[in-house]
Amino acid sequence: MGIDIHTPTTGSRNSANNSTNGSSISPELQALMKRKVNIESELDELISVLDTHKVDMNTLLITHDEFPRSDIDVAQIRSTRTQIIRLRNDLKSVLSEIERQLHAHYSRMSAIAATTVENEISNDGETTTTVTVVQEDEVLVGAPVHIGFALVDEVVAESPASRAGLTVGDTIVEFGHLHVGNNERLKRLANVVQMNENKKINVLVLRDTQPVDLELIPSRNWGGRGLLGCHIVPL
């Protein structure tokens, strides 16, 4: 059975192979991104434990008489909740460090772009080194860092996604209020789409390393299945 390309789905990617705007990132940053994926995976497993008991982080575990409920494993649920809280705090710290290192990465790339060294070989065989210095106002120092969290790998013609201007290869940076730190590997994206049927969603994508703002209106009335008509995978 093929994958339904008309609704957001979750794929898998190795974050250790990520690059930033085509430039290699440091091993330390790669390790942080891998740690992020591992934490998210652990959180998924722990949340599934709560799901088996049909509870969440806010479900009451005591009766009206303030006795532990007998229909669920209260001890396991409390332990699981504690682990989830700890991992969410760890994830917050990792995301903060990733953002800090990405800013540092872009600063280094700007510094490299500011000075270009060229070697020229003259007619007599001697090598001359020419250093070209770019003026500071020509370098995007302090430019916003756009961190993508999903990739569009297929778009159906005449679909809401197509009409909004989404194209194959777009990297999604913002989808409504969702971004790299809160999308939960696309789990929340489907909810945002469903809750905004026939309503405008502001979407920011990176296309050929350039940010592009789009307006997407999820709809069922376009002749195909789903509300978007595209296939999206997490980064």
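Let me start at lysine 187, which is partly exposed at 43% relative accessibility. Partly exposed sits between two cut-offs: buried is under 20% relative accessible area, and exposed is over 50%, with a 1.4 Å probe and protein chains only.

Before I go on, the ground rules. This is a predicted model, where local features need pLDDT of at least 70, side-chain atom pairs count only at pLDDT 80 or more, and totals for chains, interfaces and linings use all residues. Residues are numbered from 1 along each chain as its sequence is written, and side-chain values use heavy atoms, with hydrogens and water left out.

Today's topic is charge pairs. Side chains of opposite charge can pair when their charged atoms come close. I call it a salt bridge when a side-chain nitrogen of Lys or Arg is within 4 Å of a carboxyl oxygen of Asp or Glu. That rule gives 10 salt bridges.

Back to lysine 187. Which residue does lysine 187 form a salt bridge with? Aspartate 44, with the closest N and O atoms 2.7 Å apart. Lysine 187 is in helix H4 (residues 187–195) and aspartate 44 is in helix H1 (residues 27–52), so the pair ties together parts 143 residues apart in sequence. Helices here are DSSP runs of H or I, at least four residues, numbered from the N terminus. Aspartate 44 is partly exposed too, at 27%.

Arginine 100 and glutamate 97 both lie in helix H2 (residues 74–114). They sit three residues apart, about one turn of the helix. Their closest N and O atoms are 2.5 Å apart, and they form a salt bridge. Arginine 100 is partly exposed at 49%. Glutamate 97 is partly exposed at 24%.

Aspartate 71 is exposed, at 55%. Arginine 69 is partly exposed, at 22%.

There is also a network. Salt bridges link Lys36, Glu40 and Arg185.

Last, arginine 81, in helix H2. Is arginine 81 buried or exposed? Buried, yet arginine 81 has no salt bridge. The nearest side chain of opposite charge is aspartate 56, 4.8 Å away. For charge, Lys and Arg count as positive, Asp and Glu as negative; His and the chain ends are not counted. What is arginine 81 in contact with, leaving aside neighbours within four places in sequence? Leu50, Asp56, Met57, Asn58, Thr59 and Leu61. Contact means heavy atoms within 4.5 Å.

Note on methods:
Helix = DSSP H or I, 4+ residues; strand = E, 2+ residues; numbered from the N terminus.
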